[in-house]
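Subject: Structure handover

Hello,

Here is the structure I promised to pass on. Please open it alongside this email; my notes follow below.

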Amino acid sequence: MISVLAWLTTALLGSMSAIAQNPFPVTDIATLPLDGSSSPKQLATADDWVYFMADDGARGSELWRTDGTAEGTRFVAELCPGSCSVEANVIETVGNRAFLGAGTWLWTSDGTDSGTQRLVAPCPSCESSSYFSHGVTFDDAVFFLSNDEVLTGSQLWRSDGTPEGTSKVMVPSAIPGQIDFYGQPFSNGSMLIFATYDRGGETLLWRLDEPSAEPVLITTYCDGCNSGPIGHWDLRDGRILFAASLPEFGFEPWVTDGTAEGTQMVADLTPGPFSSYTYGLQELDGIVYGGLASCEANCLYRTDGTAEGTRLVPELLPVTLFPRDLLQLRAVGGHLYARMKHRFADLEELWVLRDHGSELIDQGQSIRFIGQMGESLAFTKSSGPGSGLKAVDGDPSSLRTLSEPTAGSGAQLGDALIFTRFSPVPYGDLQTRTESELWISHGQALDAQPLPEPFGERPGASDPKDLLIWPESPGGPSVVFRADPNLTSGSSLWRADGATDAEQLLAEAPTSMLGIAGGTLFSFNDDPRSDLEAAIALRPDGTREALDLAGERPVFIAAAGDRMFISTSQPGQRLWVTSGSSDDPELVVDVQPAWDPFCQSTLCPQTQQFPRSMAALGDRLLFNAFADPDGPAELWISDGTPAGTRAISQFEMDPDLYILARDHGPAQLTTAGARTYFTVFQKGFGTELWSTDGTTEGTAMVADHNPGEASSTFERLSPWEHSVAILESTSDGHRLLRAEPSGLTVISEFEPGSKILESAESGGLLFLAVDTPSLGQELWVSDGTSSGTVPLDLRPGARGSGVSNLTAVPGGIFFAADSGPDAQGVEFGLEPWLSDGRRATTRRLTDLFPGPSPANPGPAAVDSSRESGSRLYFAADHPDLGRELFAVDLDRADVACGADELCFHDARFKASLTWRTAEASGTAQRVAAGPSSGLLWFFEPDNWEAMVKVLDGCDTNGHYWVFAAVGTDVGYTLNVTDSLTGESRSYSNPIGTRSPAITDDRAFPCLETMPLSSVPRLGRMSP
């Protein structure tokens, strides 16, 4: 097996001439720059970041984040893959994590693509994310209101950021369909308060003491009404101030300490059944101020949460000739600001309220508070003199303009403000249009600076994906992939060999699926609206054939032997097979040809598109199907002929669990060695792991892992040599299992709350991306034993390195990671890495996107068919090229270590010593050597003269150390060479001088800390 250091040598340096060309861009097929507005919106602060939705011109409106710098502004994830847009709103943030409502789904994100996932769809039939509202944080969990598919009206949900930790809050003795949640849930950190209406005429106030605890009833505070609490403010004594309504008082201020006796109305500010409608609560010096709606003059009150400390304060409002309405309050920097509207003019005003008299700050149209910067209030004004984004420090003389064009929404980030700015730009001959982009201000006059437009750093990106190696490609091995040159027309099929600047368009858009069988490349188009071919075969001889699927569109594909199997969507459940010849494809089987065209249920046969799970077992295909709409789930096998296609096993369904059983037919088919493993629901056992050799008698359950009718939760199966690795979900998180025909073995119990995100096998080792509470998202490696399942902690601490996109390469793994700042404080961002399973030889490949900006490498594919060695292809972001395809040549012959050399760290370092006297000279010979140290002799084999060490100090000071002790006064020169960089260090001793100890602790920089001038630069490799 070729060592990782051997292929790292070629991938990185080997010699300075070789480095200059590795990695290199394969092609830049996108040439049209993008323009237009990215329209950032939904800004939300989350500790170190601001999340926002933006349109980069290619993906539609998707999730981004920024730390206020150009380098730290990056795309996070697609909530709606492709060029579609999604209307999403950030419900709440917890730490650096955001919770979003997007479409009908609740999402969560930690700022990375792999850490962004869908959690639950409370109301699948609802039409927009407006059904998510009133998010509040309580003890690291998020609570929110959402419509419900079963229970009408709003329901309260909670989430800890995991699917299993996301559920509906049920109150004790609730009658299904008879409980609505009203008002706004609120929390002061020690408890969560919410209200329900039981449709029997009572509004109940409840308390949660822990996120997962059962609600405790506080009181029935409103008998005969269905009005829940609105607004809240945490008082300094632990109570919560909120507004609630009783029929005899209307809306008035209330307080609660979580008990019945401590829950009461504070004051009836507007006597009788007339509501005060308190709003806009703000605290200043321990006193809470609020506005009153539906009032004539006295529209401001203050309270400390007691009846005697609650009163109207008209003396704080400005004395003006014409009346004003109080719209909004904001306390910033020890000042109380009021936004007011002139009743008889289209004019708004900003005032600072003081005990000794209010002062006018500014006036105009559409004044809006959008945040603060340190002690300054930031607001925007749409028109009038001095319109734009402005700031004030409590005195009219401190008013200053930060940005002249008008601003939209904003979010505070430390002492800075991230905001959207609207700017008119030329459009057409005599027209203009308004564009919106993201800007930042630190509160100084006209200091606002633009953050990069999302599409600004991706000019002409083609976004390669679905990379496949085509060894039999005309002209030699190449990589084929889907890409969109202009990010407008959909994905096309492309080919590149990485040897020239040329690329080849193989098939017009759209291309949705790729596959290779028998040396033939197949391209599939699953778009029913397209008038282009549904399937195309491209042969090694360069000919091309359109395949006739009788007007049907492919849904799933799988290669088995030299043929490609295709499952089509209609009519019924049809399986085709093709070898790419002109008389193909052939219909293998029509499992269930009939359906009721008027059936509207989600269980209609046409919605069950089978064969759905398919896997090759040798040159045959295994797949699942339902031959009878009302019958059991079946496992089928096909040799590509109708006669050789049959069901080999049926799985008994419980009629009471019909829906569950149909949803859990044979699934996750994964072949390892001579058997295929799969999960299936079987009456009496629940969902468990089975395996088959392709015969009825050879199909059996591996183990009843969760005994009885309870099901095991196996989320992912992946090959691991002649067995399979299994990701199991438990109540505490994920754990790793290994399955063989003889049974299941638990390999690793990770700490509670851990998640296994990806896995890939290479050289008998299983590499995993695991997110644990203590280490964050890191690279783990397993040799199949519990003690041999260990983390390679690339970024110490709980933040993690964001390991993702694991791809097996000869002798190890390729992946994306961000190891954080190095010993000198230099950051690299998410860049390509290689590992052979050992921390000492796990290294960054290059800083492809210089600085902390992420290259976001992946997906990747390896061509091992080349005579000159393996070539790795991967997609990545580059500041000049956008997102394009890059390649790295991995292999290099192992370096032999001669008898007169010491080789350390898998031959990365070589040491040789030449000695000299007045009469003679020679080369020292090796006595013995270990991974990092060795002994040499000069004159006699049993007279050892020198000990040499090369130690890995990367985690200490970012360097390899050279230590040596030479017991002689003979003259010598010790040479140590780093084969990755070609750099050498020499240490000499003159004749007749007793040799001092050599202690060079900065001899060679580790790869992570190399200056950018030393890492591979971009360029094309000649054939």
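The largest nonpolar core has 26 residues. Leu913, Val948, Leu974 and Val976 have the most contacts inside this core. Please keep in mind that this is a predicted model.

Which strands each supply at least two residues of this core? They are E73 (902–904), E74 (909–916), E78 (944–953), E79 (959–966), E80 (971–978) and E82 (998–1005). In soluble globular proteins, nonpolar side chains tend to be buried together.

Take Val976 as a way in. Leaving out residues up to four places away in sequence, Val976 touches Lys910, Ala911, Val950, Val962, Glu983, Ser984, Arg985, Tyr987 and Phe1004.

Now to strand E16, residues 202–208. Six of its seven residues are buried, so E16 is largely enclosed by the rest of the structure. Its pairing with strand E15 (residues 192–197) is antiparallel and runs over six bridges. Within this pair, Phe194 stands opposite Trp206 of E16.

Next, a sheet. Four strands form an open sheet in the order E22-E23-E24-E25, and the pairing is antiparallel. Which strands stand at the edges? They are E22 (278–284) and E25 (311–312). Each has a single partner strand, so one side of each is left without a neighbour in the sheet. E25 pairs with E24 (residues 300–303) in the antiparallel sense, over two bridges. Tyr301 stands opposite Leu312 in E25.

Follow the chain on from E25. The loop between E25 and strand E26 (324–332) holds Leu321. Is Leu321 buried or exposed? Leu321 is exposed, because its relative accessible area is 76%, and the cut-off for exposed is over 50%. Leu321 also belongs to a nonpolar surface patch, which it makes with Phe322 and Phe344. The patch covers about 390 Å².

Last, a loop residue. Glu472 sits between strand E38 (465–470) and strand E39 (478–483), in the loop that joins them. Glu472 counts as partly exposed because its relative accessibility is 38%. What does Glu472 touch, not counting residues up to four places away in sequence? The contacts are Gly519 and Pro540. Leu521 is 49 residues from Glu472 along the chain, and their C-alpha atoms are separated by 9.0 Å.

Best wishes

Definitions and conventions:
Residues are numbered from 1 along each chain as its sequence is written. This is a predicted model: local features need pLDDT of at least 70, side-chain atom pairs count only at pLDDT 80 or more; totals for chains, interfaces and linings use all residues. Side-chain values use heavy atoms; hydrogens and water are left out. A nonpolar core is a set of buried Ala, Val, Leu, Ile, Met, Phe, Trp, Tyr and Cys residues joined through side-chain atoms within 4.5 Å. Buried means under 20% relative accessible area, exposed over 50%, partly exposed in between (1.4 Å probe, protein chains only). Contact means heavy atoms within 4.5 Å. Two strands pair if DSSP finds at least two bridges between them. Patches are made of residues with over 30% relative accessible area and no salt bridge: like charges are joined within 9 Å, nonpolar side chains (Val, Leu, Ile, Met, Phe, Trp, Tyr) within 5 Å. Accessible areas come from the Shrake-Rupley method with a 1.4 Å probe; for residues, only the protein chains shown count as cover. A salt bridge is a side-chain nitrogen of Lys or Arg within 4 Å of a carboxyl oxygen of Asp or Glu.
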